[in-house]
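Me: I have a structure open that is new to me, and I would like to go through it with you.

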Amino acid sequence: MKVLILAPGSWGDVSPAIRIAVDLIADGHRVTMVVHDDYAAAVERSGCAAARYTAALTPPPSVDGDAGPGVRGYLDHLRGYMMDHAEAALMAVRAGAVDVVLTNPISPYGHDIAEALGIPSAEALLQPSRPSRAYPPMIASAIDFGPLLNRPIGRVVQRVPAPYVPAVAWVRGQLGLPAKKFTTTLNERARAAVPVHHGISPVIFPRPGDWPQHMSLDGFWWPVDDEEWTAPTELADFLAGGPPPVLVTMGSIPEGSRTADALSEFVSSTRHRVIVQGAAGPILAEAAPGRVVTAGQVPHSWLLPQVATAIHQAGAGITAACLRAGIPSVPFPQHTDQFFWARTAARLGVAAPALSNRRVTPSGLHSNVESVTGSGEMLRAATTIAKSLERSEHEQGESTLSLRGWIAEPSTPRAGG
């Protein structure tokens with residue numbers, strides 16, 4: 001079958017999509033992925049065709065020293081970004097036949113494309129999205145409202161127009177589909193039991209009791225290792241030259257923010273050796289030569305088992321990678337589902353309580369790192385979970401993903417999305 005995978009977003013969204021693509025290719029399918037130009041080379045190395053778009057996920061940095069675009073400007077930028085991806089998706093469809101469409105959390109117009117073509121579709125998610133008693137809505141996961149309120153609040157949040165809604169309406173218009181409210185299409189997909197797959201292990205997150213049968217936990221979709229990759233000499237020598245260091249991997253943190261200042265203070269004053277990933281890495285390494293080094297994009301499957309702990313934003317990918325490596329961590333969530341994952345790791349006993357951007361202080365960061373690196377109980381819990389993940393994956397076997405297990409051919413006309 002010819003599969004179209006929609007993968008807007010950052011590398012954290014694209015990497016698991018590549019895992020899905022590789023396994024589907026191994027199962028005999030042909031795959032095209034609609035992906036940002038920055039990631040197209042990695043997609044093509046996996047054996048998957050890349051349909052490219054170029055709009056940046058975040059607004060360009062300010063050049064006149066102002067405070068940036070603000071919330072409204074950022075949302076306007078995201079709407080343009082989603083429109084650019086939607087246009088690339090339609091171009092990919094028009095360039096060749098498609099049998100199946102797979103969407104991610106921010107590309108629901110893939111279901112509309114499938115409706116117009118009369119083909120099946122499915123969702124591949126890295127976080128739970130359906131309103132449930134078991135968790136709060138991911139866009140506002142900083143607070144768990146409890147089993148009585150999580151689901152109704154989740155339903156209210158679903159009615160808030162997301163940045164991709166204009167792209168959904170545009171796609172429907174381009175394909176000659178009738179205009180519909182986005183909430184209407186959500187309800188139609190739920191009634192039609194469009195498959196929803198989650199790249200989450202049930203070892204970490206038990207399946208909620210209020211999920212319908214068409215929603216599944218498929219286990220983590222681990223990154224595809226580059227067999228030709230070799231470790232940078234400086235980084236390998238640093239790891240071999242002393243006790244396991246602390247890894248600071250925080251993605252893009254605005255310079256001058258409270259988060260950036262706290263991290264800078266920690267790296268400058270901690271007794272630990274440190275590896276820093278991110279734009280500020282070289283500057284921090286210069287401030288403490290010999291004790292701090294910087295690292296670029298390094299496979300976490302190689303790096304994480306060699307560090308004592310990781311300070312991270314608690315995205316789905318890095319949280320899962322720490323669990324797989326068997327190391328405790330210091331979550332530093334910034335937005336959306338990161339608070340959910342930070343809370344999950346703390347509940348499992350393998351992470352310090354989350355430090356949010358509003359409450360973070362250098363002393364709090366120092367305290368959390370010391371409590372994690374000095375806790376034999378937390379290390380034992382992390383080791384136990386890593387072994388449970390390995391055992392669970394071994395029991396599932398090494399078979400590739402199969403669309404036979406992902407897509408249920410509808411016996412009645414599809415509902416649109």
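The chat below takes up the core, a sheet and some salt bridges in turn.

Me: Before anything else, what kind of model is this?
Reply: This is a predicted model.

Me: OK, which residues touch the most other members in the largest nonpolar core?
Reply: That core has 50 residues, and Ile 5, Ile 20, Met 33, Val 43, Leu 102 and Trp 406 touch the most other members. Helix H1, residues 11-26, supplies the largest share, with 6 residues. There is also a second, separate core of 26 residues, which includes Val 34, Met 82, Tyr 109 and Leu 186.

Me: Changing topic, in what order do the strands of the open sheet come?
Reply: The order is S10-S9-S8-S11-S12, with parallel pairing among the 5 strands. Strands S10 (292-295) and S12 (329-331) stand at the edges with a single partner strand each, so one side of each has no neighbour in the sheet.

Me: And which helix lies across S8?
Reply: Helix H9, residues 258-269, lies across S8, S9, S10 and S11, and runs at about 155 degrees to S8.

Me: Now salt bridges: how many are there?
Reply: The count comes to 10. One of them joins the side chains of Arg 189 and Glu 123, at 3.7 Å from N to O. Arg 189 lies in helix H7 and Glu 123 in strand S5, so this pair ties together parts that are 66 residues apart in sequence.

Me: Are those two buried or exposed?
Reply: Arg 189 is buried, and Glu 123 is buried as well.

Notes
Residues are numbered from 1 along each chain as its sequence is written. This is a predicted model: local features need pLDDT of at least 70, side-chain atom pairs count only at pLDDT 80 or more; totals for chains, interfaces and linings use all residues. Side-chain values use heavy atoms; hydrogens and water are left out. A nonpolar core is a set of buried Ala, Val, Leu, Ile, Met, Phe, Trp, Tyr and Cys residues joined through side-chain atoms within 4.5 Å. Buried means under 20% relative accessible area, exposed over 50%, partly exposed in between (1.4 Å probe, protein chains only). Helices (H or I, at least four residues) and strands (E, at least two) are DSSP runs, numbered from the N terminus. Two strands pair if DSSP finds at least two bridges between them. Contact means heavy atoms within 4.5 Å. Axes are lines fitted to C-alpha atoms, for helices over the stretch in contact, and angles run from 0 to 180 degrees between N-to-C directions. A salt bridge is a side-chain nitrogen of Lys or Arg within 4 Å of a carboxyl oxygen of Asp or Glu.
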